[in-house]
Amino acid sequence: MEIRKATIEDAACISSIFWESWQTGYRGLIDQAYLDGLRPDHWQAFFASQLQPGSLEAQVAMLGPEAAGAVAYGAFIPPTGSQVPARGMCRLCMCGLPL
């Protein structure tokens, strides 16, 4: 297994990994209808906008050519004109709520 720094090109892959983890990790803990409404690309735009210098960072665990896991951490850049504090905005987005 190789762990490497994620790039913007990994946004779709990371989103899919987050989606899969939500489908199994939160089953029975949050409304199933909400989970059923999520799609593998749910977080793709978020990661594509945040995986840039000075913002969110992520690592991708590669098992051969396939991504086997991902972790995201670091700063968050809120959208221009947002009235929600950055910390709250990040939590809302990672909880699946749109920006």
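## The core

A nonpolar core is a set of buried Ala, Val, Leu, Ile, Met, Phe, Trp, Tyr and Cys residues joined through side-chain atoms within 4.5 Å. In this predicted model, the largest such core has 15 residues. Ala 6, Ile 14, Trp 43, Phe 47 and Leu 51 have the most contacts inside it.

In soluble globular proteins, nonpolar side chains tend to be buried together.

## The chain as a whole

Four helices and three strands make up the chain's elements. Their order along the sequence is β-α-α-α-β-β-α. The chain has 99 residues, and 28% of them count as buried.

Now take contacts between residues at least 6 apart in sequence. Of these, 56% join residues at least 24 apart. The chain's accessible surface is about 6,100 Å², with 59% belonging to carbon and sulfur atoms.

## Aromatic pairs

The whole structure holds five aromatic pairs. One of them joins Phe 18 and Trp 43. The pair is tilted, at 6.2 Å centre to centre and 55 degrees between the planes. Phe 18 lies in helix H1, and Trp 43 sits in the loop between helix H2 (32–37) and H3, so the pair ties together parts 25 residues apart in sequence. Both residues are buried.

Phe 46 and Phe 47 form an edge-to-face pair. Their centres are 5.2 Å apart, with 70 degrees between the planes. Phe 46 is buried, at 4% relative accessibility. Phe 47 is buried too, at 0%.

## One cluster

Which residues form one aromatic cluster? They are Phe 18, Trp 22, Tyr 26, Trp 43, Phe 46 and Phe 47.

Definitions and conventions:
Residues are numbered from 1 along each chain as its sequence is written. This is a predicted model: local features need pLDDT of at least 70, side-chain atom pairs count only at pLDDT 80 or more; totals for chains, interfaces and linings use all residues. Side-chain values use heavy atoms; hydrogens and water are left out. Helices (H or I, at least four residues) and strands (E, at least two) are DSSP runs, numbered from the N terminus. Buried means under 20% relative accessible area, exposed over 50%, partly exposed in between (1.4 Å probe, protein chains only). Contact means heavy atoms within 4.5 Å. Accessible areas come from the Shrake-Rupley method with a 1.4 Å probe; for residues, only the protein chains shown count as cover. Rings of Phe, Tyr and Trp (its six-membered ring) pair if their centres lie within 6.5 Å; planes under 30 degrees apart count as stacked, over 60 as edge-to-face and the rest as tilted.
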